[in-house]
Amino acid sequence: MGLVTSTEMFKKAYEGGYAVGAFNVNNMEIIQGIVEAAGEEQAPLILQVSAGARKYANPVYLRKLVEAAIEVSGLDICLHLDHGSDFEICKACVDTGFTSVMIDGSQHPFKENIALTKQVVDYAHDHGVVVEAELGKLAGIEDDIVVNAPNATFTDPDEAVEFVEKSGCDSLAITIGTSHGAFKFKSEPRLDFERLDTITNLLPGYPLVLHGASSVPKEFVDLCNQYGGQIPGAQGVPEEMLRKAAKSGVCKINIDTDLRLAMTASIRKVFVENPGWFDPRQYLAPGRSAIKAMVAHKMKNVLGCSHKR
Ligand SMILES: [Zn+2]
């Protein structure tokens, strides 16, 4: 047991036609809920830390919590930096024990993205750490970065091949229609599976990554709405589409928004039903249980990674 890279996980996922879940973590209860689910499901696990999480919790707290989770659960866990924006932040995470980092150079022109990614790859590989890169611009909101739908661009398959060859990245986040946040589609959800298959065929055996892949289940949106506050018109990626992507070259699927919705819905319910409660444990424990249930559901029914440890 220990902190591991995603290399073996992706190899098995590719061969087995499933995807590994990468779940965003921000505090102890979220980490506990996810790790308990992974233990019960006997599923491979990636925990990821975004820039917003680092700002909120301090990366040292999060890393120590993940180390505690490994000690308590006996699981192997990959600790991943989500959306590193520059070389320095990736280097800092490599230096402090992360086993995987993402360099997101997708905002830069193609050649600059390659050069930046290669710089991170060279440093990370020297330290036994793997690198995820991104090609194509995802729409939606990631922390403070907002990309409007008209500025989003899908990943060009030929560019993807050139990018992987020249940068040496270990996995690649591609854009085929998913987006960050709870509002992904104005009308019918549509993913470009033709593009995904083309990229998979051009890069056989190579692990692809889907960001912005929360399903925003209606029951949780309804729960949130039922217990105060409105999250109107939220629209996620249907789970059967994710299942289909996991059977193609997609080996890692990021899930964040669905965890937020599950936790918030359960906490709102507690407050509405028990207005006199004020012990944080009384609402954080149900929040933790809701996270656990959501993660177990994803592993079993969406990612297909239960019992693949
Ligand atoms: Zn993302």
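Two strands are said to pair if DSSP finds at least two bridges between them. The legends below apply this to a predicted model.

**View 1. Strand E4 and its pairing with strand E1.** Strand E4 spans residues 76–84 and is mostly covered, since eight of its nine residues are buried. Strand E1, made up of residues 2–3, pairs with E4 in the parallel sense over two bridges, and within this pairing leucine 3 has isoleucine 77 of E4 as its bridge partner.

**View 2. Strand E4 beside strand E3.** Strand E3, which covers residues 46–49, is joined to E4 by four bridges, and the two run in the parallel sense. Leucine 47 can be found opposite leucine 79, a residue of E4.

**View 3. Strand E4, helix H5 and strand E5.** Three bridges link E4 with strand E5 (residues 100–103), again a pairing in the parallel sense, and here histidine 80 stands opposite serine 100 in E5. Between E4 and E5 the chain passes through helix H5 (residues 87–95), forming a β-α-β crossover that is right-handed.

View 4. The zinc ion is coordinated by His83 through NE2, by His180 through NE2 and by His211 through ND1, at 2.0 to 2.1 Å. Along the sequence, these donor residues follow the spacing H-x96-H-x30-H. Because histidine 83 belongs to strand E4 and histidine 180 to strand E10 (residues 179–180), the pair ties together parts that are 97 residues apart in sequence. Both histidine 83 and histidine 180 are buried.

Definitions and conventions. Residues are numbered from 1 along each chain as its sequence is written. This is a predicted model: local features need pLDDT of at least 70, side-chain atom pairs count only at pLDDT 80 or more; totals for chains, interfaces and linings use all residues. Side-chain values use heavy atoms; hydrogens and water are left out. Buried means under 20% relative accessible area, exposed over 50%, partly exposed in between (1.4 Å probe, protein chains only). A crossover is right-handed if, with the strands pointing away from the viewer, the path from the first strand over the helix to the second runs clockwise. Donors are N, O and S atoms within 2.8 Å of the metal (3.2 Å for Na, K and Ca); water is not among the atoms, so sites may look incomplete.
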